[in-house]
Amino acid sequence: MGARRLLTLLDETGSTNDDALALGRSGAAHGTAVAARRQTAGRGRRGHVWASPAGNLYLSVVLRPRVTPARLPGIAAACGLGVADVLNKVQLKWPNDLLVQDRKLAGILVEASRDGAGEPFAVCGVGVNVGSAPRDLRATCLAELGAAPSFSPLAEALRAGIVARVDAWATAPGDRPLDGIRDDYLSRLAWLGETVRVLAASDDAELARGTFVTVDHWGRAVVDGIAYAAERASLRPA
């Protein structure tokens, strides 16, 4: 199946993740994707509303990596690297955003499900600020950075980049989530070696403050020797 048939382009939809989840549950192939210029019901991590104005790009990709359940949590990092391969000069913010000069350019949401045959799959949703960015969220957009590529080529480049990185990760040796990609992931990680605030995932309350030492092979952020799972925490610069 060619790339053109794998990617559906829409002017508007409720949520590209919902569209891709529906496709996945119907048996859609690995790499099938939906891209929209605007979402009316976009969502981010932990169910937060994702502002989705026209002029940006919202893409969701069906992924069927053949990995063990123990490795599956690493898929978000692989997807982040795939997006970073396409968007120049970006850094990865643990666990799910992409930054340029500490300003948010894109966000990633990975959701898991099963299809009608009981086979597991994941959907990687990406929202990229192309023509505009929320002013109250320390964000930026590609237009401000001097490069705003056309919708269709950018959507296909991101789809292909995500699929390529996920395929490489899925075939790498190892049993831990970040095996095969951890070194590359760390090389692109923001705030490594700097003082950060650890915020609770539930309410953004500050849990700790210290040096961001690394992200371990299980995908946990290590701050002053304590490992935090993405389900529990997020990081901000101090």
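**Folding and local features of a predicted protein chain**

Leaving aside neighbours within four places in sequence, glycine 27 is in contact with Arg64 and Asp115, where contact means heavy atoms within 4.5 Å. The structure is a predicted model, in which local features need pLDDT of at least 70 and side-chain atom pairs count only at pLDDT 80 or more, while totals for chains, interfaces and linings use all residues. Residues are numbered from 1 along each chain as its sequence is written, and side-chain values use heavy atoms, with hydrogens and water left out.

With a relative accessibility of 46%, glycine 27 is partly exposed, a class that lies between buried (under 20% relative accessible area) and exposed (over 50%), with a 1.4 Å probe and protein chains only. From glycine 27 to valine 196 the C-alpha atoms are 42 Å apart in space, and the two residues are 169 apart in sequence.

Helix 2 (residues 16-25) also holds threonine 16. Threonine 16 counts as buried because its relative accessibility is 2%. Beyond four places in sequence, threonine 16 touches Val34, Ala35, Ala36, Gln39, Tyr58, Leu59 and Ser60.

The view now widens to the whole chain. The protein chain has 5 helices and 12 strands. Its radius of gyration is 17 Å, close to the 18 Å that the globule rule gives for 238 residues, so the chain is as compact as a globular protein of that length. Here the radius is taken over C-alpha atoms, and the rule is 2.2 Å times the number of residues to the power 0.38. Along the principal axes, the C-alpha atoms fill a box of roughly 50 × 40 × 30 Å. Buried residues account for 49% of the 238 residues. Of the contacts between residues at least 6 apart in sequence, 64% join residues at least 24 apart.

What lies inside? The largest nonpolar core has 56 residues, of which Leu59, Leu63, Leu87, Ile162, Tyr185, Phe212 and Leu235 touch the most other members. Helix 4 (residues 151-171) gives the most to this core, with 9 residues. A nonpolar core is a set of buried Ala, Val, Leu, Ile, Met, Phe, Trp, Tyr and Cys residues joined through side-chain atoms within 4.5 Å. Leucine 87 touches Leu105, Ala106, Val128, Leu142, Leu154 and Leu158, with residues up to four places away in sequence not counted.

Most residues other than glycine have a negative phi, and most peptide bonds are trans. Lysine 89, in the loop between helix 3 (75-86) and strand 4, has a positive phi of about 65 degrees although it is not a glycine. The relative accessible area of lysine 89 is 79%, which means that this residue is exposed. Aspartate 102 likewise has a positive phi of about 65 degrees without being a glycine, and is found in the loop between strand 5 and strand 6 (103-114). Aspartate 102 is partly exposed, with a relative accessible area of 34%. A cis peptide bond, with omega about 0 degrees, joins tryptophan 94 and proline 95; proline 95 lies in the loop between strand 4 (91-93) and strand 5 (97-100).

How values were computed:
Helices (H or I, at least four residues) and strands (E, at least two) are DSSP runs, numbered from the N terminus.
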